[in-house]
Amino acid sequence: MRRAGLALAAAALAAGVALAQERAIPPGELKSGSAFLGTDLRALQNDDFANPGMLWVESGEKIWREPAGKKSIACAGCHKDRSMRGVAANYPKIEKASGKLVNLEGRINLCRTERMGAEPLRYESEELLALTAYLARQSLGVPIATRIDGAARVHFEAGRASYHLRRGQMNLSCAHCHDAQWGKRLLSEIISQGHPNAYPAYRMEWQTMGSLERRLRACLSGIRAEMLPYGAQESLDLELFLAWRAQGLPIETPGVRR
Amino acid sequence: MAARIQIPREARRGDVIEVRILIQHPMETGYRHDDVGHLIKRNVIKVLSCRYNGVEVFRADLSSGISANPYVQFYTVAEASGNLEFTWIDDEGERGAERQPIVVKG
């Protein structure tokens, strides 16, 4: 009897693991965060001129062409006029040289320190937000296509574990809201599916532009959990898992969010 | 302080044209506190003005009730080719200026 119970529990656990490996939200039901906005904010995001995030995209383009660092070379100095379209859709990604997982911000800073001889840009600095937004904007409409095979696999698994980890005083995991309750109301807000395809995004609450990591920290603070430091490995892993979850959703940076 | 201006590149004399401007500015209300509890000094754009070939066609006194990165839209009549020149000044005395040319036909 007891053994049967154990076997049953083991079977249930295995089924749970198998379920967890599938997508909680099937590709046909994927909805970008903009689908959960009011019509006014959606219109603002789609207005190429009035979208306040475009201010950062514009200054990002300037920084892209400005020489910097000891080698006095600009981003455009190496990348020339080669199109960066589609590039942002592949991040976070394993960096070949180091074998480490980097997001777009990390890649920009690697370029700065290794190729330009410049100081890395601080997370959430205007310059880093601008460059990231400028790069991601060039992939407007390109579906997210992050890879989770090879060396990325272990980070993907860690990201999935992090996504499903209960944390904070509210003892909630990301999945409790964004997989199980999306579309429902949380006070005045509609819970989104939690996709990263519009970041960096302009958030009304911030009254400025912010990175995906800042948004993750906002969620963590909301469930009264300890916030992840900027650039933490766990953040990167989580970003990779989120990108996989959103695979196929077109990039819409700079998004406008509540 | 970056800004974006949008007006039609060309218009016919007498046309009513839409003018849009978006300015990058924190519009600090003076009511917020920083991480260590100190009040952040108020700093908003006080005056935004637009001159069309030297003649003032629009002026707004903004206040702390206006969101960060203010967006302003108004209409004016296309009279002659030239420039629409925006100037603004904030509480800290920092001035910004941006201009956009327009070609008026007929």
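This is a predicted model. Where chains A and B meet, 9 residues of chain A are in contact with 10 residues of chain B. On the chain A side, helix α3 (residues 53-65) gives the largest share, 4 residues. Sorted by class, the side of chain A that touches chain B has 5 nonpolar, 3 polar and 1 charged residues.

Within chain A there is a second contact to follow, between domains. Chain A is divided into domain 1, made of 28-49 + 143-257, and domain 2, covering 59-137. The C-alpha centres of domain 1 and domain 2 of chain A lie 22 Å apart. Their contact takes 23 residues from domain 1 of chain A and 19 residues from domain 2 of chain A. On the domain 1 side, α7 (152-163), β6 (208-210), α9 (212-222) and α10 (233-245) of chain A each supply at least two residues. The largest share of that side, 4 residues, comes from α10 of chain A. By class, the domain 1 side has 13 nonpolar, 7 polar and 3 charged residues.

The last stop is helix α6 (residues 126-137) of chain A. With 12 residues at 1.5 Å a residue, α6 of chain A should span 16 Å, and its end C-alpha atoms are 16 Å apart, which agrees. Because 10 of its 12 residues are buried, α6 of chain A is largely enclosed by the rest of the structure. Among the buried residues of this helix are L128(A), L131(A), Y134(A) and R137(A). What covers the buried residues of α6 of chain A includes α3, α5 (104-116) and β6 of chain A.

Methods: Residues numbered from 1 in each chain as written. Chains lettered and ligands numbered in written order. Predicted model: local features only at pLDDT ≥ 70, side-chain atom pairs only at ≥ 80, totals over all residues. Domains from an automatic or database assignment. Contact = placed C-beta atoms within 7 Å. Nonpolar A, V, L, I, M, F, W, Y, C, P; charged D, E, K, R; others polar. Expected span 1.5 Å × (residues − 1). Buried ≥ 20, exposed ≤ 12 C-beta atoms within 10 Å, placed from the backbone.
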